[in-house]
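Please keep the sequence and the model in view while reading.

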Amino acid sequence: MTIQRRDFLKTSGMLIVSFSAAGIAEPLTARVVAQAAAGPYPDPDFRKLDSWIVIHENNTATFYVGKTDCGQGTGTAFRQMMADELDIAYDKTTCIMGSTDVTVDQGGSGGSDAIQVDGLPMRRVAAEARRVLLEMASTRFSTPVDQLTVSAAVITVKSDPSKKVTYGELIGGKRFNVALTGGNPDGATGVAKMKSVQDLHIVGQSPQRYDIPAKVDGSLKWAVDVKLPGMVHARNVKPPVAGAKLIRIDESSVRNLPGFVKVVTKGNYVAVVCEREEQAINASRQLKVDWEKPATSPFPASEDLFKYMRAATPTSGAAPAANPNLDAAFSGAAKVIEAEYDVPFQGHTAIGPAHATADPSNGQMTIYSNDMKSYGMRTGVATFLGMPPDKVRVVWMEGPQGYGRTAADDAGFEAAYIAKEIGRPVRMQWMRNEETAWDTKGPAFTFKMRGALDAQGNLAACDYNAQAADSNHLGYNEVNTVLISQLMGTRPARAAAGSAGSPSDMYVIPNRRNASQVVSMPLVWETPLRTGNLRDPNGPQITFAAESFIDELAAAAKADPLAFRMKLLTAATTDDAQFKRARSIAVVKAAAEAYGWDSRPSPRARGTGAILTGRGMAYTFRSQTVVAQIAEVEVNRQTGHVWVKRLVCAHDCGLVINPEGLRRTIENGMLHSLSRALHEEVQFDTEKVTSVDWVSHPTLTHMDAPARIDVVIVNGDPNPKRPDLPHYGAGETVCKPLLAAVANAIYDATGVRLRRIPFRDARVLAALKAAGV
Amino acid sequence: MSNVTLKVNGKNHTVDIDPATPLLYILRNDLDLQGPRFGCGLGQCGACTVIIDGVATRSCVTPTSNVKGEVTTLEGIATDGKLHPLQQAWIDEQVPACGFCQNGQIMTAKALLDKNPKPTDAEIRDGMARTLCRCMTYYRIQAAIKRVATGKGAA
């Protein structure tokens, strides 16, 4: 069953979108009051224009989109794109996102495709609304549409400018009642065509993000701020050892504590519920639980991880068949270079731990959550609780950064389960040690690389072998993959296949083999080493190995690392990827120019002082978005400390919606990977994860911030006859090359090649000492 | 439980609580303030920062019974409806990504500038070093602080 948006708005009390004196809608208010809706919550129909756009009588518009904004300003970009197609001023619009009962299911966030993919239906439906409004004005003025002009939501008769009508006068407070077509929400379309790039005027500007003022004055209601009448607080009690079995709970250990409500448990899942938050925290620490350790270790200790992974039998993927050309290239090589690289598990470690509030009122279930994939949670929770999907909704609200963590959003499922058990609204929040130890992890990788150089220093063959510890990869809130479900004993039929992947580059290499395999830890379920989508799930790891190795090959060939790459990009080839290759060449050149690249082989002649400086580069792509980065480092040879003093990023994602927003996304994405390069590693013994806080799992700090970051936005369609480059999207691409750029810069500065992430001071110092630096 | 009186953002509040409760929970759950946020509960990240008598203080590890001075939260630094210069600079620089940690960034920066209005780059780094951001907005945070310190954010 589906309903009309406006019916829903009228019946539910949702139409509490307040307007300031300037006529600017305030969507944040609407989200918080959404709790007034009693349900049920059928899906908005993506084939109805009214599900996407509402025009108000005061000539403003509200856009409803099935996406969530994890802090990259996508909501602002959606408004720009839709306002442009609709022909309404940006500041007369607002955008409601990601709440399952009021926005169509566009999947929430993930894959950096918000602009690239999901922006297209938004543009098309806004164009359709404009078309319909022009038809209405045509009827009203008895004037053909081609005799009308539209600007800032006012339609005027060209020949008689006194004849004009606003969108609000035409349809404010009324429905479009226009059907759309398309097989799924992202295919939604009307009759109207999108504008050409040349006709877009709001796109390409940089309006400030609308969500920021309320984030700096303390007025924003976040998912953590939801308070409901009768609400209680819950905290989990996790197994002390991974894979432990619950034997006995001594409820008397907490029964008399102030505010105690209930111990909720099933299988190996345990939570404590109290009236007040601090009471729940206290009770979760006081509760006596007996656990039985598993008979065998759930995983090797982190210092043995890579040895274990190299010896493990792959669970998926297989080495490609023997390639006689490859073998011949290696046997005929002037020089064969081999290297192994290691990247440990790295956590999401969101700044705020997992949290959600669930309300079981009226026999429905409403979950207030920052889940980036709110629609997946809606479906997952409905299945988990055995409720019809239209009795469950997720109200999306802002939260600590997504980057994949909330794609396996445990707290929402836990809050909903407990709320159903006790019949009261429940606020669940994880503690820091729980979040750092038990959140989803970016998979660990080991790589074995082999390259063949001919007598002229040309790369004749490259052999890439990757093994990823990624056998239980989560990501879409499937009911049997969230932790509470697994602790209660539910298992998918088999572990997710996971993936290891191959390098993303446009290098022309005559003989190439990419082999990637997935391996599993001994404990597959209920494990704190479950893997998830950590901001380009495996790109940073793969690109670290691939682009470090290209640098090693360049050094072996005594070639400038940038020139070596350019030779690989410009070599003759008959493949059909010239478009992306041409844009790859453009970004590499743009980065070199912005940095002031001095062409010479690495390493440089080593300095004599305590501080050694160097520069390194790396390049990659993701989908059609191409990126080249240059890092300049200072390495303290007495302490091993690495400071990345300067970063340059040349970035081509096609059409740019909001250049300033894009710059911030690029800067922050690079620094996230800088944190992964310098600091982050999940550590564990043979029983449990021992990274439990910001001391045992360090992160980038203010001390690490570069002194200078240059972002060069390249809109690099090499064909001047094709200026309508689409918006390819941005975000995760910039996370990929940075680790290698830093490693290559350290090599340039010191002559020491670091092949193991992270480059913490002690590891760097040991490597320098071992090399006599 | 017992009655505790707190002065927060210029107003006195009396709450009936366990006085050992960390200040953070009282501010959030009893006084309905939402600037300070739970990040770690260990005093390591700074998301819960408030200012007490001019000192940036981690409210998640501060027992409420220990609080003697006036507490200022993010909600309390604007004056007469005008944003604090740091808040304005945060908007001008478009600092936040998700924004969850920015309470701690702004309040720590305020305590820093109140003591040292013209910090060097090194003093900014040092003064902010223990306030974490997992969206890694450090570069823009430092730019925003410099904007205020150099007077560009005072408008």
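Predicted model: local features only at pLDDT ≥ 70, side-chain atom pairs only at ≥ 80, totals over all residues.

The contact between the two chains brings together 46 residues of chain B and 46 residues of chain A.

- On the side of chain B that touches chain A, at least two residues each are supplied by α1 (23–30), α2 (85–92), α3 (102–115), α4 (121–128) and α5 of chain B.
- Of these, α5(B) gives the most to that side, with 4 residues.
- By residue class, the side of chain B that touches chain A divides into 26 nonpolar, 15 polar and 5 charged residues.
- Helix α17 (residues 659–678) of chain A packs against helix α5 (residues 138–149) of chain B at an angle of about 120 degrees, and their axes are 9 Å apart; because of this angle, α17(A) is oblique to α5(B).
- In this helix pair, A:Arg664, A:Glu667 and A:Leu671 of α17(A) meet B:Tyr138, B:Tyr139 and B:Arg140 of α5(B), and the residues of the contact divide into 3 nonpolar, no polar and 3 charged.

**Domains of chain A**

- The domain assignment of chain A lists domain 1 (5–221), domain 2 (225–295 + 354–429), domain 3 (311–348 + 447–522) and domain 4 (556–770).
- Between the C-alpha centres of domain 2 and domain 3 of chain A there are 37 Å, and the contact takes 20 residues from domain 2 of chain A and 15 residues from domain 3 of chain A.
- On the domain 2 side of this contact, α10 (374–385) and α11 (410–422) of chain A each supply at least two residues, and the largest share, 5 residues, comes from α10(A).
- That side of domain 2 of chain A, where it touches domain 3 of chain A, divides into 8 nonpolar, 6 polar and 6 charged residues.

**A three-stranded sheet in chain A**

- An open sheet of 3 strands in chain A has the order β6-β7-β8, with antiparallel pairing; β6 (148–151) and β8 (160–166) of chain A stand at the edges with a single partner strand each, so one side of each is left without a neighbour in the sheet.
- Neighbouring strands of this sheet are turned by 25 degrees against each other on average, when direction is ignored.
- β6(A) pairs with β7 (residues 154–157) of chain A in the antiparallel sense over 4 bridges, and A:Leu148 has A:Val157 in β7(A) as its bridge partner.
- Helix α4 (residues 114–141) of chain A packs on the sheet and touches β6, β7 and β8 of chain A, its direction making about 130 degrees with that of β6(A).

**Local backbone features**

- The peptide bond from A:Gly39 to A:Pro40 is cis, with omega near 0 degrees, and A:Pro40 lies in the loop between α2 (27–33) and β3 (53–55) of chain A.
- A cis peptide bond also runs from A:Ile757 to A:Pro758, with omega near -5 degrees, and A:Pro758 lies in the loop between α18 (738–750) and α19 (761–770) of chain A.
- A:Glu526, although not a glycine, has a positive phi of about 55 degrees; A:Glu526 is placed in the loop between β23 (511–519) and α14 (539–556) of chain A, and counts as buried because 25 other C-beta atoms lie within 10 Å.
- B:Asp32, although not a glycine, has a positive phi of about 60 degrees; B:Asp32 is found in the loop between α1 and β3 (49–52) of chain B, and counts as exposed because it has 10 C-beta neighbours inside 10 Å.

Key. Residues numbered from 1 in each chain as written. Chains lettered and ligands numbered in written order. Pairing = 2+ DSSP bridges. Axes fitted to C-alpha atoms, helices over the stretch in contact; angles between N-to-C directions. Contact = placed C-beta atoms within 7 Å. Parallel < 35°, antiparallel > 145°, perpendicular 65-115°, else oblique. Nonpolar A, V, L, I, M, F, W, Y, C, P; charged D, E, K, R; others polar. Domains from an automatic or database assignment. Buried ≥ 20, exposed ≤ 12 C-beta atoms within 10 Å, placed from the backbone.
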